[in-house]
Amino acid sequence: MEKPRKKFIDVVDKAMVAANTMDRDELLFSYKGILYPVTVCSPEVFKAMESLEARSDDVILAGYPKSGTNWVGQILSDLVATFEKKMQNEESINDEDLEEFPYLEVGDTGKYERMNKLPSRRVIFTHLLPDNLPRSVFQNKAKILLLIRNPKDVATSFYHFSNGMSVLPSYETWDDFFIAFMTEKMPWGSYFNYLSEWNKYAEDENVMTITYEELKENRALGVKNIAAFFGISLTEEELQGVVERSSFQSMKENSLKTHGALGSILFRKGGVSDWKSLFNEDQNEKMDKAFEEHIAGTKLGMKLKYDVYCRA
Ligand code: PPS
């Protein structure tokens with residue numbers, strides 16, 4: 001994704017400017033029991049979203065915030081763009097005029113009608129719970145890549161992001177943030193609820209799960225598996241290009257072009273275990289207990305390898 005993403009940057013810049021003039025308690029609204037930022041989401045847009053006609057060849061990326069969406073989103077967009085280029089598909093959505101904000105739930109009420117007219121393949125990111133996605137996603141058997149990351153690093157990343165990104169409420173201390181994270185006060189809802197709800201789909205043939213940590217350990221293998229799942233056939237050399245362009249270093253260097261001012265906030269550490277710099281003993285215990293209670297025994301819980309990545 002080396003080309004500038006003008007529309008993406010415009011949307012984010014406008015949201016950040018609008019949020020700067022708002023009080024902390026005005027930044028979020030609740031829709032169907034879940035909080036979202038008012039500067040990028042609205043009930044009208046959520047209702048309009050139902051008109052999206054999902055396709056079996058859509059490339060959907062689902063992940064709780066701070067799980068590495070922009071990273072895996074880069075991989076998916078690059079795989080699709082490389083394939084389209086190879087096929088010389090002139091109708092490809094690479095055309096800047098056809099660009100839509102990649103997160104499904106962010107946009108205007110006309111977005112979904114425009115999306116319905118876009119040529120395949122569409123790459124769509126979302127932080128939504130499965131029940132809040134347009135019904136056609138499951139009815140039409142769109143393929144979904146479900147991205148998960150260990151809860152301690154998600155919380156750590158979310159804390160820093162909340163304090164850097166004006167559209168989200170900031171926190172005076174990590175301890176305050178931790179309480180909010182554990183008591184379901186986060187935008188896009190609770191991490192544990194997210195995993196429990198998506199776990200119901202984890203065995204579906206149209207859903208592939210990948211963890212942030214496994215991708216960190218072997219990006220080349222991850223990219224290969226993702227391409228195979230979506231039926232994107234590329235040469236070893238083409239796949240290697242996708243791998244190289246998705247390194248943290250490379251994405252961070254390009255981030256002014258791809259993400260504008262957001263880039264320096266979003267591409268923070270890009271690693272595993274930074275939670276060790278914030279969690280105290282009591283917080284470790286509380287997180288371990290919550291993990292045990294909510295998701296340890298589930299397929300997604302096991303995929304996370306909590307004992308490897310989260311034990312103090
Ligand atoms: S968002 O705003 O919710 O969509 O954020 P999201 O993109 O899901 O997650 C942001 C974290 O992903 C890290 N990141 C990466 N890690 C490894 N490699 C690459 N290429 C990469 N790109 C982004 C990013 O740094 C955030 O994690 P932290 O721990 O805060 O650094």
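Let's start at the ligand, where a backbone N or O atom of Lys66 lies 2.9 Å from one of the ligand's oxygen atoms. A polar side-chain atom of Thr69 lies 2.5 Å from an oxygen atom of the ligand, and a backbone N or O atom of Ser246 lies 3.0 Å from a ligand nitrogen atom. Polar contacts here are pairs of N or O atoms within 3.5 Å. On its own the ligand has 640 Å² of accessible area, and the protein covers 97% of that; the areas come from the Shrake-Rupley method with a 1.4 Å probe.

Before going on, note that this is a predicted model: local features need pLDDT of at least 70, side-chain atom pairs count only at pLDDT 80 or more, and totals for chains, interfaces and linings use all residues. Residues are numbered from 1 along each chain as its sequence is written, and side-chain values use heavy atoms, with hydrogens and water left out.

Around the ligand there are 22 residues (a heavy atom within 4 Å), and Thr69, Tyr103, Ser157, Tyr212 and Lys269 come nearest.

The largest nonpolar core has 105 residues, and Leu79, Phe181 and Ile226 have the most contacts inside it. Such a core joins buried Ala, Val, Leu, Ile, Met, Phe, Trp, Tyr and Cys residues through side-chain atoms within 4.5 Å, where buried means under 20% relative accessible area (1.4 Å probe, protein chains only). Leaving aside neighbours within four places in sequence, Phe181 is in contact (heavy atoms within 4.5 Å) with residues including Tyr64, Phe158, Tyr191 and Met287.

Finally, look at Tyr171, which is buried along with Phe177. The charged end of Arg24 sits over the Tyr171 ring, 4.8 Å from its centre; this requires CZ of Arg or NZ of Lys within 6 Å of the ring centre and within 35 degrees of the ring normal.

Terms used
Buried means under 20% relative accessible area, exposed over 50%, partly exposed in between (1.4 Å probe, protein chains only). A polar contact is a pair of N or O atoms within 3.5 Å; within protein, one must be able to donate a hydrogen and the other to accept it, and residues adjacent in sequence count only if both atoms are side-chain atoms.
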